[in-house]
Amino acid sequence: MPARYTATAITLHWLLALLLLGQFAFGLLVADIPRGTPARGLYINLHKSSGILIGLLILVRIGWRLTHRPPPLPASMPAWQRHAATLSHAMLYLCMAVLPLSGYLASNFSKHGIKFFNLVHWPPWGPDDKTWYALFNLTHHVAALVLALFVLLHLLALAKHMLIDRDGLLLRMWPPRSAHRNHPRSDHPLETR
Ligand code: HEM
Ligand code: HEM
């Protein structure tokens with residue numbers, strides 16, 4: 001299987017997979033802290049701050065992806081699987097974009113705004129409006145749920161490729177050195193600008 005992702009795509013993929021997993025768990029933890037307690041303010045602002053930084057990295061990833069074509073899928077893949085892969089990757093990107101954006105918007109329709117790493121206070125630019133806050137908060141919640149579902153689907157599809165089709169798809173997204181050791185002919189990045 002000669003086609004593989006470039007080092008930039010691989011780095012962005014795995015860095016964001018790790019960061020999103022951590023941020024997701026952090027969000028669930030924060031949502032459990034009772035409203036009105038000092039701990040909630042502290043941790044929710046940390047969640048907002050790390051979320052904004054992750055959001056910037058997501059922007060870099062989407063910008064990079066829009067200017068670089070991924071390697072072609074294995075020729076053996078049927079058309080429906082190609083469509084499913086394209087659609088599910090698009091959904092993953094959509095959730096990645098909507099999560100930080102909806103969190104940021106919700107924060108600006110509440111009186112709290114954002115205390116960036118509890119150091120700098122960014123006051124909200126929107127009104128303290130319960131309806132808009134609830135709408136963006138619901139969007140955040142739904143996007144988190146949809147992301148979890150599509151990551152699960154992503155892993156199931158990968159398991160099928162690795163265990164049933166045995167086409168080594170994971171190696172396309174694996175750092176070149178170890179992939180090279182196992183599959184010496186798979187080390188030629190084919191991504192183009
Ligand atoms: C970058 C990726 C992000 C992920 C994966 C993420 C994930 C989550 C999750 C799983 C929850 C708990 C589920 C819920 O109750 O909605 C949550 C809650 C929350 N997130 Fe995020 N988040 C991200 C970014 C942000 C950003 C950038 C902000 C604001 C600037 C933010 C603000 C909030 C707030 C305020 C809550 C609490 C909602 C509540 O308890 O009512 N999040 N987040
Ligand atoms: C938060 C978690 C994750 C997200 C958001 C995510 C997102 C994505 C996206 C958007 C792509 C498509 C890249 C493109 O062509 O533009 C992709 C590809 C890929 N991902 Fe993930 N991923 C996650 C976790 C994982 C995990 C845990 C694994 C493996 C255990 C994995 C393995 C792969 C592989 C092998 C590909 C390449 C598929 C191909 O060759 O077409 N991903 N991922």
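User: Over residues 85-106, how much is helix and how much is strand?
Analyst: That stretch is 100% helix and 0% strand, with its end C-alpha atoms 31 Å apart. Helices are DSSP runs of H or I with at least four residues, strands are E runs of at least two, and both are numbered from the N terminus. This is a predicted model: local features need pLDDT of at least 70, side-chain atom pairs count only at pLDDT 80 or more, and totals for chains, interfaces and linings use all residues. Residues are numbered from 1 along each chain as its sequence is written, and side-chain values use heavy atoms, leaving out hydrogens and water.

User: Where does UniProt put the transmembrane region feature?
Analyst: The unreviewed UniProt entry places it at residues 43-64, 85-106 and 132-156. Those positions follow the numbering used here, feature names are shortened, and annotations may be inferred rather than shown by experiment.

User: And what about residues 43-64?
Analyst: They are 100% helix and 0% strand, and the end C-alpha atoms lie 31 Å apart.

User: What is the mean pLDDT of the chain?
Analyst: The mean is 91, and 90% of residues reach 70 or more. pLDDT is the predictor's confidence in each residue, from 0 to 100. Residues 184-193 fall below 50, yet that stretch has 28 contacts in the model beyond near neighbours in sequence. Contact means heavy atoms within 4.5 Å.

User: Switching to packing. Which residues make the largest nonpolar core?
Analyst: There are 12, among them Leu16, Ile54, Tyr93, Met96 and Leu147. Such a core is a set of buried Ala, Val, Leu, Ile, Met, Phe, Trp, Tyr and Cys residues joined through side-chain atoms within 4.5 Å. Buried is under 20% relative accessible area, exposed over 50%, partly exposed in between (1.4 Å probe, protein chains only).

User: Which elements give two or more residues to this core?
Analyst: α1 (7-31), α2 (38-67), α3 (79-108) and α4 (130-165). α3 gives the most, with 5 residues.

User: What does methionine 96 touch?
Analyst: Leu20, Ile58 and Arg61, not counting residues up to four places away in sequence.

User: How many salt bridges?
Analyst: The count is 1. Lysine 160 and aspartate 165 pair at 2.8 Å, N to O. The rule is a Lys or Arg side-chain nitrogen within 4 Å of an Asp or Glu carboxyl oxygen.

User: Last one: where is proline 72?
Analyst: In the loop between α2 and α3. Proline 72 is exposed, at 52%. Beyond neighbours within four places in sequence, proline 72 contacts Ala3 and Arg172.

Terms used:
Chains are lettered from A and ligands numbered from 1 in the order in which they are written.
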